[in-house]
Amino acid sequence: MSKIAVIYWSGTGNTAAMATEIAAGIGADAEVFSVDAFHGNISDYDKVALGCSAMGDEVLEEAEFEPFYTAIEGDLKGKKVALFGSYGWGDGQWMRDWQDRCAKAGANLMDDGLILCGFPDADGKESCKVYGERFAAY
């Protein structure tokens with residue numbers, strides 16, 4: 001049994017909805033936190049799913065999530081990590097940049113990350129659940 005944290009930032013609820021569905025796919029091992037409510041230690045978790053929507057010019061949210069991520073980046077070496085988030089424009093550059101940062105930090109990324117445009121519809125929710133199932137088995 002793995003201890004898995006799902007930590008996200010969501011401005012409009014889209015990424016929060018993704019986090020809920022991903023956690024449902026993971027099952028009982030998932031602990032879900034908005035980034036402002038997470039006061040634990042990343043090293044206490046076997047796996048970490050991180051979620052943040054694209055902001056501005058396709059970057060991570062800068063006031064809360066970026067400082068949080070920068071603070072934990074050094075703790076991701078060798079850790080199993082999954083990335084997810086929503087967007088409303090662009091082509092996913094924020095996710096590609098984030099993947100590169102995780103790789104440079106030595107994280108063991110599950111794949112290219114899950115991105116959805118806007119609020120997850122029924123298909124999007126199912127994609128999130130399957131992503132969570134895959135991460136639990138990763």
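These legends accompany close-up views of aromatic rings in a predicted model.

**View 1. Aromatic rings gather into a cluster.** Welcome to the rings of this structure. Nine aromatic pairs are counted in the model. Ring pairs join Phe33, Phe38, Tyr45, Phe65, Phe68, Tyr69 and Trp98 into a cluster.

**View 2. Phe33 and Tyr45 form an edge-to-face pair.** The ring centres of Phe33 and Tyr45 are 6.4 Å apart, and their planes meet at 80 degrees. Because angles over 60 degrees count as edge-to-face, this pair takes that name. Distant parts of the chain are linked here: Phe33 belongs to strand β2 (residues 30-34), while Tyr45 is in the loop between β2 and β3 (47-52), twelve residues apart. Both Phe33 and Tyr45 are buried.

**View 3. Phe65 and Phe68 make a tilted pair.** Here the centre-to-centre distance is 5.8 Å, with 55 degrees between the planes of Phe65 and Phe68. Helix α2 (residues 65-72) holds both Phe65 and Phe68, three residues apart, or about one turn of the helix. Phe65 is buried, as is Phe68.

**View 4. The charged end of Lys47 sits over the ring of Phe135.** Look for the charged end of Lys47, which is 5.7 Å from the centre of the Phe135 ring.

**View 5. Lys80 lies over the face of Tyr138.**

Key: Residues numbered from 1 in each chain as written. Predicted model: local features only at pLDDT ≥ 70, side-chain atom pairs only at ≥ 80, totals over all residues. Heavy atoms only, no water. Phe/Tyr/Trp six-rings, centres within 6.5 Å; stacked < 30°, edge-to-face > 60°. Helix = DSSP H or I, 4+ residues; strand = E, 2+ residues; numbered from the N terminus. Buried < 20%, exposed > 50% of the residue type's maximum accessible area, 1.4 Å probe, protein only. Lys NZ or Arg CZ within 6 Å of the ring centre and 35° of its normal.
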